Amino acid sequence: MQNAFLHGVLEEEVYMYQPPGYTDPRHPSFVCKLDKALYGLKQAPRAWYARLCKQLVALGFIPSKADTSLFFYNKGKLSVFVLVYVDDIIVASSSLEATETLLKDLQKEFALNDLGELHYFLSIEVKVDDGLLLSQGRYAADILTRSGMTKAKPVDTPLSVSKKLSISDGERLGEEDSTRYRSLVGALQYLALTRPDLPLAVNKVYQFLHAPTTTHWSVVKRILRYVQGTLGIGLKIRRSPSMMVSAFSDADWAGCVDDRRSIGGFAVFLGNNLISWTARKQATVSRSSTEAEYKALAKATAEVMWIQKLLS
């Protein structure tokens, strides 16, 4: 069995009961001391990351201070970036030979499967065509299948501009429908990773996860109808002559009718490419539209500073 977490060496003393079927008949009450991590152990992710980090640092990589999942190697004209998500790894390099050398070095310590050029990663499809096109068409189609909306009539917008949702709208959904509501909204949140057109609408229906109603469910179905008509949409990233980081922010003052909190959002660009965005309810009530706008601007500024730190 090959599993990333099995490579983690534990620093703490961890004991476990003897597994069923492997109990020592002479000492049935004895416990086992673990030398390495097991899948499902709370310490396993940290132990695996520590060992991988140690190996990459030994190869000359530097861990990013802005993003702990990113490692980079710069020497002369050679640049190599390693992005880690649990046991899935993306390698981007200015040299194919450097990538192959890195994989060979890592294979001496870990059991790796080289899947070749990047095409599919964590439900995100990557297509190379005059740049990179990141999309989740397959994932979106799965959501529509789960919801029974594959043949739904598409709409042009995910949310009506004049629609104001409230906790008192409609009748409360039953337990089974509420669970289904939460599952679909969670899936739509992940879909928004490559869809900047979805976060505002998804955030609004997300606010009612604890007690969804028939009205909230109808809004979710409208979002799904919008997704049905836009399965081919993705995020295009092209080579840009500029490396300037710029941001735009906005806020809808007292947009929530229940608690009068504002909805704030921003979009951050690297050159001509959209690279970061959000739309969510602000944490506190703003006493004026100026205050709401300032909060959104402050969030955008913090994001720009983080991105600049990451790029540097």
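This is a predicted model: local features need pLDDT of at least 70, side-chain atom pairs count only at pLDDT 80 or more; totals for chains, interfaces and linings use all residues.
Q: OK, what share of the residues is buried?
A: 39% of the 312 residues. Buried is under 20% relative accessible area, exposed is over 50%, and partly exposed is in between (1.4 Å probe, protein chains only).

Q: How many helices and strands?
A: 7 helices and 13 strands, taken as DSSP runs numbered from the N terminus (helices H or I, at least four residues; strands E, at least two).

Q: Switching to rings: how many aromatic pairs are there?
A: The count comes to 6. Phe, Tyr and Trp rings (six-membered ring for Trp) pair if their centres lie within 6.5 Å; planes under 30 degrees apart are stacked, over 60 edge-to-face, the rest tilted.

Q: What's the geometry of F61 and Y73?
A: That pair is tilted, 5.6 Å centre to centre with 50 degrees between the planes. F61 is in the loop between helix 1 (44–58) and strand 3 (62–63) and Y73 is in strand 4 (residues 70–75), so the pair ties together parts 12 residues apart in sequence.

Q: Are those two buried or exposed?
A: F61 counts as buried at 7% relative accessibility, and Y73 counts as buried at 19%.

Q: And why is Y139 with Y190 edge-to-face?
A: Because their planes are at 75 degrees, with the ring centres 5.4 Å apart. This pair links distant parts of the chain, with Y139 in helix 3 (residues 137–147) and Y190 in helix 4 (residues 175–191), 51 residues apart. Y139 is buried at 18% relative accessibility, whereas Y190 is partly exposed at 30%.

Q: Which charge sits over the ring of Y120?
A: The charged end of R138, 4.2 Å from the ring centre. The rule wants NZ of Lys or CZ of Arg within 6 Å of the ring centre and within 35 degrees of the ring normal.

Q: Last one: what does the C-alpha trace span?
A: About 65 × 60 × 45 Å along its principal axes.

Conventions: Residues are numbered from 1 along each chain as its sequence is written. Side-chain values use heavy atoms; hydrogens and water are left out.
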